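Welcome, and please have your viewer ready. We will go from one selection to the next and look at what is there.

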Amino acid sequence: MPVALHSIIELFALAVIGLGLALKLRWMGWLTILKHKRTMLKCITLTIMIVEAFVVLIRQTSHFRVSRALRPIFLVDTHYLGGVRRFIRQILQSLPPIFDMLLLIFFFVTVYSVLGYYLFKSTTDVHNHFDTLFNSFVNMFVLLTTANFPDIMMPAYSKSKWYSLFFISYLCIVLYLLMNLMLAVVYETFTSIERDKFRKLLLHKRQACKNAFKLLLTKENPNQMEFPQFEGVMRYYAPKKGNRDLLVMFRYLNTSGTGSLTIEEFYGIYDSVMMTWQPQAIDTPWYFTASPAVQRICQTANSIISWPYFDHIFYVLTTLNGIAMIERGMQSYSSLQTSVLAFSAGWDTCFFLACFTLEVALKTLGMGLERYFSSGWNLYDFVVTLGGLIAVISLRLFPDFVYVVVFRPLKLLRLFKLKKRYRDIIGTMAILSPLIKSAGCVMLVMYYFFAIIGMELFAGYDMRNCCNGTNIETYYKYTPDKSGYYYLNTFPNLAVSLVTLFELTVVNNWFVVMNGYATKVHAASRAYFVLFYLFTMVVLTIVVASVLEAFRFRIQYKKQTTKRDEEKLLHEEIELKWEDVMNYVKDFQALQKYRSDMFVGVGKISFLGSRPRNRQVLQRRMYRHEIEQWMQEAAAIDKRL
């Protein structure tokens, strides 16, 4: 793309971002830029980017532009990435103990580097691991990642077997002790941050309810909120809630039955909005309005799936499917296409798919689509079964389309449901899914940042045969008939740079890439790779700590909560009477509408409210005693004020 066209497109995009930022500041007040750190950072970054784009447009040539790496700031600061901002905030809050432990780790790395320099300077060979203090420090830092072990030890080990104690003691102290201690410190910090964050959010919501309650009171009833005011605020806060949902929510909150909400009742507004409400028809199946023939079919299906051994039969079939897969995999075939057809489209595959399709059909007929798909396992079975059917058809038509073979072994995941430990792990994964998404976005932002910096620093360098005469020569050796392939780890564009950075994340032979650029470009380029490793280690350490905290949280929750208690926690059942509606709604036309829509031939309806099985809901159960104490403290403060 020509430089001028690129600059014009960039300036247009920056103008759109600037317009959005200006509208936000006009609404919040222009002085907000001095008080809100994130807004100030966006304004400064935007100004620098606009100036740089104009400079490039005028000069018709690009220059070293680090500011391009800051573009994700505008993406992260959006309504849709609130979880990402919270995760970044947790990283920043966890940094002090991480820095303390890193300082201690670098102290030991430095001590061992100095000791290694004086011990092994005279014993080094062509590898030159300890020929200078700088190389000694770099190699000992790499040893912390175990990427160059035991290569770094062997030259000294060949001189004396006692030298192995130097490397063994270093790894035991720095890697196995201090690095694990850092994880423990981060875990403890992360746990306290999670608890404190939950407390602050709970009290923040309480204060928000107080402020809203004061604004929604009327002169006629200055102490309690009536339904019209509640309905009005819900039209803005939860616009997707229908009229029936608003009535049910109001009835759920109005535990006193007075027809008006007190401030204590209004505190539960966030909980009521979170719940989904469904009317309960007692002993009435989903198919009761269908024709007699359809009712008989669905009734038969319901009787079959209600049989106690129904699920056991399909667990056995799933196990036999796995055995058949193993048997198929051990056979020899004349070609890859023949092997794929036998594995994913053979007669045994078709037989098991027919059985699993029958299972899905029986459950959907007996339970109804809504109830069937409300279970995550049922949804998984449906997707895998449908994928298996698509795989059989596509492989018969296109034998080279081997990607669909994955659907058959995926069915075996269902067997993990039988063991409690696996259910806990899968449950933990479900709880962690929002956090993992946020962590993934943070990793992508970090990758983008370092990819842009890497492109600015190293784009244009040809790494083929770059390190002749060094100890990594073979890795970058390039000949027409034989190559070391490490010359492919370059930064020519964003896609290739991201692949190179992922290789560095795995840390297997990452020092080869680092030393290659140190040889080709400059010794100071090692700082880029070391900083990337440290950033990645910090983020991944916090991710690991969050996984441990979530798993511990779920185990403790399971120990403290029975199945019956959990059912009560996740579901609420209320009765909505016509007298209640008449007490809430004063408008005659609205009353008639509710009667025709909801109360035809009945005087009351039962509703079942379901809460999502997420971390916030489970935390309310785990911290129920602390919540009572926090609320009492907040009430005492309110009385003093």
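Start by selecting Met 429, which lies in helix 20; helices here are DSSP runs of H or I with at least four residues, strands are runs of E with at least two, and both are numbered from the N terminus. Met 429 counts as exposed because its relative accessibility is 54%, and exposed means over 50%, buried under 20%, and partly exposed in between (1.4 Å probe, protein chains only).

A word on the model: it is predicted, so local features need pLDDT of at least 70 and side-chain atom pairs 80 or more, while totals for chains, interfaces and linings use all residues. Residues are numbered from 1 along each chain as its sequence is written, and side-chain values use heavy atoms, leaving out hydrogens and water.

Now move to strand 3 (residues 604-610), which pairs with strand 1 (residues 276-280) in the antiparallel sense over five bridges. Strand 2 (residues 571-577) also runs antiparallel to strand 3, joined by seven bridges; pairing takes at least two DSSP bridges. Select Phe 607 in strand 3: it is the bridge partner of Pro 279 and of Ile 574.

Finally, zoom out to the whole protein, with its 28 helices and three strands. Its C-alpha atoms fill a box of roughly 95 × 75 × 60 Å along the principal axes, and 41% of the 641 residues count as buried.
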